[in-house]
Amino acid sequence: MTDAVSAPPLTASVHSTPEAAARLKKRRAAETRLRAYGMIAIGLAALALVALLWNIVSRTMNAATEHYISIDAEIEPDEDDFLGVVKSAARDAFPYASGRSAKRELYGLFSDGAADDMRRAQEDGTLQTGAAVPMRFLMSDTADLYMRGEFGELETQASAGMLTIAAEGKDFVLTSRAGAFADALGRAKAGLAREAVGLRRQAARQGTGIAALQARLPDVTGLEREDTLGQIERFEGARDRLEGQAAALDALITADRDTRLELTNRMASFFVAVNGGILKLSEVSATTALAEPLVPMAGGEDAANGEWSLRILDRPEIGRPVKDRQIAILETLQQEGRVEKVANWKFFSLSDSTQPEIAGIKGALIGSMWTMLVTFCLAFPIGVSAAIYLEEFAPKNWFTDFIEVNINNLAAVPSIVFGLLGLAVFINFFGVPRSSPLAGGLVLALMTLPTVIIAARAAIRAVPPSIRWAAMGIGASRTQTVFHHVLPLAMPGILTGTIIGMAQALGETAPLLMIGMVAFITAVPEGITDSATVLPVQVFNWANASERAFDMRTAAAIAVLLAFLVVMNMVAIILRKRFERRW
Amino acid sequence: MTDPIKFHCKGVDVWYGDTQAIRDNDIDIHDKSVTAFIGPSGCGKSTFLRCLNRMNDTIDICRVTGTLLLDGDDIYSRDVDPVQLRARVGMVFQKPNPFPKSIYDNVAYGPRIHGLARSKADLDGIVEESLNAAGLWDEVKDRLDFPGTGLSGGQQQRLCIARAIATKPEVLLMDEPCSALDPIATETVEELISGLGERYCVVIVTHSMQQANRISQRTAFFHLGNLVEYDTTTAIFSTPQDERTVGYVSGRFG
């Protein structure tokens, strides 16, 4: 065994040494790691998807319902001023809302949509008329948002002891020996304290400015010095004013708990519900309060323990669009069971509006359908024809290579560029109507074409050549071979590519902005040349709207967009399955 | 062996770009008999076969020169439509390649595109006749609308033969039709080919010398693009003249 090193014994295979075992272990570890990475990646993707869907669905649920107010209205048989009907019905139902601003706030509870509903009913001949017709009026967006608790929940504190009520002019003085208002006073004072801190911070900022100016003072002379001195004086004035205000607030905060504190609209709102009415506190101490009746009481008797309650809304009136009087009326209505929450089917039958509660998706949905129709009718036949020609008929030379490179590059062009092209060529040169599904479809078809061509070429190339030979071997021409055999076999792949292209086109916003589809359009398009908007643009518009109630409608529009996408893909998948079954 | 001549080929050269695949071949292929092309891989026998129905036209870089006459007419003349030619000269390929359609549609496809059937009953007749000729009728008559791709390999190849026959060709070209089949299926297909030889001009490329011996009346031996020897099968296998043929048929190379 002297040459054991140069010629190892045959039995000792290189695959059974300890090194080999180590290699094996390493390889297996690498495989396990790779599997783990894959699982983590899929888990993350699934989590992101769930989060997205959850977010959209939960927000969409808000838009799925809307609130109505049930009151009686007087409607003439040939009524034409329906806004007037709503207003007079509101005045009749809430006679105590007198005065200009009170009435304005009252009318603010109702949407213009209530009048639209009646007008539509009149056109359909289903409108009831009479002196006191029970009607359901659509709530305005702010009232609706309040009902959903968007401005905070009204917190109810159970009554503590007896409440005595004494009239004082229009207002009432409420007294609670048990100190039921102590908490309200505490909250109001906490609000003042926060305000004082804010004022002092501003004062400190003025102080910093003064210090900086004073540091510069030795270096400046003449006119500039006088300027600086003047500035310092102004800053000092501001600082002293702010500090004075803070000190005044401090005085209020440190005041005796039996001293009434005046409540402002910068503090939380406090209501007392008693004797069937709702009073808003305007001054409060621990034991007494001055209250303004927003909804009048049935009588002025004192209320025993358990017969009244204190309600608090923490968000100050100045920080929300729904006013205290409106809250009082809404609370009363709800207590009387005159607020109805119903499914918001109108969302699908109305088009865009400046008022969120009567804004619907129908216009954008139909617009998207028309646009997709145009896109499909252009991109699919042209794309497939181009792919067939390039793959089956075109000679292989520099020119077809050049075309191929350009198609591939076209797929990577930013979509807004297609929008510019559409604007310059289709609209300005060919005079296609602006913001029409025709213009949008043309632009999106251009954008989709490369995707369809590339996918179709790949699908055609994937058809085994033996099928072509088989057809040609029995005397089928090139065209017959392509249309009878190659194309049906390639169709599933072509459809997959088309789905991808169309899905991309459906969600595209940027190029459509360029051709005017971002315009505010309230009509449902009736053809491909009417002005229209599309779903993603509608989402974009609503997301930009300042009214808060558009938030949930944005989410709902996104949900509709996704549903549209799912339906479109499903149709394509069913078609694809049909083609596959023929194999 | 005095069958009329179907193909008369003289001075045939085939080029793939700059590479010459066939050099100056002269061969007369007889009607109503089976002619086998044998030879080692890459000797040009398949290439030559594909010249006979101009399948080589589909390859851009392929160039064919020389005289190829089918019944005295030049098949490479300008007036000849290659598609029409392929209807006259049918082809069966190495790997069974039925269309992904029903058995019926596979066979009926050729007659349909060439307008050979006047009515549905006519077409049914052609399909039955062709499947019968391919010895497949009894096996598939109850499941004509089943996919052709669902048959076994041997059945698929016979389906392809039936499909070729259905077009009513005059010549059947077969490019190693049994190389993808097992011995039992091979035997069936071989019997079929022998039978077809009585009615058509059959040209078959094969790697198996035994197969050539069993089914063909004439054999051509190709080597490196040259037609080395062409004679009756008996002569090729018993008294080969060329040294290369001797070497190949005795199994010394190939």
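## Conventions

Two strands count as paired if DSSP finds at least two bridges between them, and the helices (H or I, at least four residues) and strands (E, at least two) are themselves DSSP runs, numbered from the N terminus. The model is a predicted one, in which local features need pLDDT of at least 70 and side-chain atom pairs count only at pLDDT 80 or more, while totals for chains, interfaces and linings use all residues. Residues are numbered from 1 along each chain as its sequence is written, and chains are lettered from A and ligands numbered from 1 in the order in which they are written.

## Hairpins in both chains

In chain B, strand β1 (residues 5–16) and strand β2 (residues 19–30) run antiparallel and are joined by eight bridges, with B:Phe7 standing opposite B:Ile29 of β2(B). The hairpin that these two strands form has two residues between the strands, and B:Gly17 takes a positive phi near 65° there.

A:Ala167 stands opposite A:Phe172 in β5(A), and the two residues between β4(A) and β5(A) form a turn in which A:Gly169 has a positive phi of about 65°.

## Domains of chain A

The domain assignment, whose bounds come from an automatic or database source, divides chain A into domain 1 (1–57), domain 2 (65–147), domain 3 (155–318) and domain 4 (356–581). Between domain 3 of chain A and domain 4 of chain A, the C-alpha centres lie 61 Å apart.

## Overall form of chain B

Chain B has 10 helices and 10 strands, and its C-alpha atoms fill a box of roughly 55 × 45 × 35 Å along the principal axes. The radius of gyration, taken over C-alpha atoms, can be compared with a globule rule of 2.2 Å times the number of residues to the power 0.38; for 254 residues a compact globule would come near 18 Å, and chain B has 18 Å, which agrees.

Contacts, for which the C-beta atoms placed from the backbone must lie within 7 Å, join residues at least 24 apart in 69% of the cases in chain B where the residues are at least 6 apart in sequence.

## The open sheet of chain B

Six strands of chain B form an open sheet of mixed pairing, in the order β6-β7-β8-β3-β9-β10. Its edge strands are β6 and β10 (226–232) of chain B, each of which pairs on one side only, and the twist averages 20° from one strand to the next.

Within this sheet, β6(B) and strand β7 (residues 171–175) of chain B pair in the parallel sense over four bridges, and B:Leu173 in β7(B) is the bridge partner of B:Met91. Helix α7 (residues 183–196) of chain B lies across β3 (33–38), β7 and β8 (201–205) of chain B and runs at about 145° to β8(B), where axes are lines fitted to C-alpha atoms (for helices over the stretch in contact) and angles run from 0 to 180 degrees between N-to-C directions.

B:Ile204 is found in strand β8 of chain B and counts as buried because it has 28 C-beta neighbours inside 10 Å. Leaving aside residues up to four places away in sequence, B:Ile204 touches B:Val34, B:Ala36, B:Met174, B:Pro177, B:Ile193 and B:Ser216.

## Where the chains meet

The contact between the chains takes 22 residues from chain B and 15 residues from chain A. On the side of chain B that touches chain A, α2 (82–88), β6 (89–92), α3 (103–114) and α6 (153–166) of chain B each supply at least two residues. The residues of that side divide into 11 nonpolar, seven polar and four charged, where Ala, Val, Leu, Ile, Met, Phe, Trp, Tyr, Cys and Pro count as nonpolar, Asp, Glu, Lys and Arg as charged, and the others, Gly among them, as polar.

Most residues other than glycine have a negative phi. A:Asn275, in the loop between β7 (269–274) and β8 (277–284) of chain A, has a positive phi near 50°, and with 20 C-beta neighbours inside 10 Å A:Asn275 counts as buried. B:Arg54, in the loop between α1 (45–51) and β4 (62–70) of chain B, has a positive phi near 55°, and B:Arg54 counts as buried with 21 C-beta neighbours inside 10 Å.

Definitions and conventions
Two residues are in contact if their C-beta atoms, placed from the backbone, lie within 7 Å. A residue is buried if 20 or more other C-beta atoms lie within 10 Å of its own, exposed if 12 or fewer, and partly exposed in between; C-beta atoms are placed from the backbone.
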